[in-house]
Amino acid sequence: MDLPLPLIIWDGSNMTDQDMSNRHGYVQDVAEEDDNFASATDRAYSFRHPTVLAGVVWKNPVGTASGTFNLDACGRFYDVSQLGSVSTKGVSPVPWEGNPVPRSAESAAGTVNAVGLQNPGVDVYLNDELPRLKHLGATVVTNVAGHSDEDYCQVVEKLADSPADMLEINVSCPNVSSGGMAVGSDPHALERLMKKLRPLTDKPMIIKLTPNITDMTEVARAAEANGADALSMINTFVGMRINTQTGKPIIANITGGVSGPAIHPMALAFVYRVRQALPKIPIIGIGGIATVDDALEFLYAGANAVEVGSAALIDPTAPLHIARQLDQELDSRPELAELLKKGQTWPLE
Ligand SMILES: Cc1cc2nc3c(=O)[nH]c(=O)nc-3n(C[C@H](O)[C@H](O)[C@H](O)COP(=O)(O)O)c2cc1C
């Protein structure tokens, strides 16, 4: 399905109510008329090729990337339990308002956003989104945000007895003034944080890495050595756009994070390098996936699974479409399918 609409950030910060309602109306019309959409959202489909990460089975290797999935919207159009996993928007100890608007700008092959981790806080998440996702049968990866080690600890402590299947610690956000990327770009800071977080929970812990660093393998090693069960990579690259009429930055935060097809080849190289350095730890490949081939490339580079982000801002069903197509592709690639099912990865030399 091809939605001829500009890339839109789900939190609606750059949209009017009319935009929102037009968009939902448009998607609803397509949902009713488009055979492709109907078959992609067919609730009876049974996936044949699971993957396993840190002991957690995903029914297929395709999840949503944090911040690009909206339960209220997607839950209306498809069965979210059909996704390999749902990675939620980052959750902080108290509600965060996020950055001032405008928070996003388009670029030639993607988007630049500085939403700033707007979210209602962990207590609301535990009482609202998480139970709804579990009720729908989703495999839930709860994304954890913090401005300090104490912030991360408070959230993880509260999630320890929750029904979340996995925790994804976001030490890679480029759009917050403290925490986030500052921790994820320093192996010592990450080690210090891991030593505090690891004793708080037995839940599988994924560390989400930043590409805004010269050698990601150092940070990846620090994560693994201090108890990370898996890595997800990559978060966005720092970028900006300028309005040439005014000579001013388009985004109020001045810089934001670049995502979308533009970053796919770089993300792939990061996954490949980290896999070569760390042969065992499960890796979730993220960055610019818009087609089944993009996803396959990550699996051949050494990822155990992938998450689809910005593509879902254009077509909310993109992760599901890609999951279905990948299931069919894996029928004709039994060797790769078998490795993923056993929690292993493709041995690219
Ligand atoms: C609007 C938006 C919000 C995001 N929010 C989060 C977040 O809360 N936590 C996080 O770890 N990553 C967040 N990300 C990063 C994505 O999860 C993903 O790592 C990145 O966009 C690259 O994937 P993509 O090119 O498929 O979009 C966000 C990305 C976008 C575009």
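Guide: Start with contact. Two residues are in contact if their C-beta atoms, placed from the backbone, lie within 7 Å. This is a predicted model: local features need pLDDT of at least 70, side-chain atom pairs count only at pLDDT 80 or more, and totals for chains, interfaces and linings use all residues. Residues are numbered from 1 along each chain as its sequence is written.

Visitor: Which residues does Asn 235 touch, not counting those up to four places away in sequence?

Guide: Asn 235 touches Ser 172, Cys 173, Lys 208, Leu 209, Thr 210, Pro 211 and Gly 257, with residues up to four places away in sequence left out.

Visitor: Where does Asn 235 lie?

Guide: Strands (E, at least two residues) and helices (H or I, at least four) are DSSP runs, numbered from the N terminus. Asn 235 lies in the loop between β10 (230–233) and β11 (237–239).

Visitor: Why does Asn 235 count as buried?

Guide: A residue is buried if 20 or more other C-beta atoms lie within 10 Å of its own, exposed if 12 or fewer, and partly exposed in between. Asn 235 counts as buried because it has 29 C-beta neighbours inside 10 Å.

Visitor: What about Asn 170: buried or exposed?

Guide: Asn 170 is buried, with 31 other C-beta atoms within 10 Å. Asn 170 sits in strand β8 (residues 166–170). Its contacts, beyond four places away in sequence, include Ser 66, Gly 90, Asn 143 and Lys 208.

Visitor: Which feature does UniProt place at Asn 170 and Asn 235?

Guide: UniProt positions are given in the numbering used here, feature names are shortened, and annotations may be inferred rather than shown by experiment. The unreviewed UniProt entry places "binding site" at several residues, among them Lys 89, Asn 170, Asn 235 and Thr 236.

Visitor: Which residues come nearest to the ligand?

Guide: A residue is near a molecule if its C-beta atom, placed from the backbone, lies within 6 Å of it. Of the 27 residues around the ligand, Gly 67, Gly 90, Ser 259, Gly 309 and Ser 310 come nearest.

Visitor: Now a helix. Which residues of α8 are buried?

Guide: In α8 (residues 187–197), they are Leu 190, Leu 193, Met 194 and Leu 197. Seen down the axis of α8, they fall within an arc of 100 degrees (the arc of the directions from the helix axis to the C-beta atoms), so they line one face of the helix. On the other side of α8, His 188 and Lys 195 are exposed.

Visitor: What covers the buried residues of α8?

Guide: The cover includes α6 (149–159), β8, α7 (181–184), β9 (205–209) and α9 (216–225).
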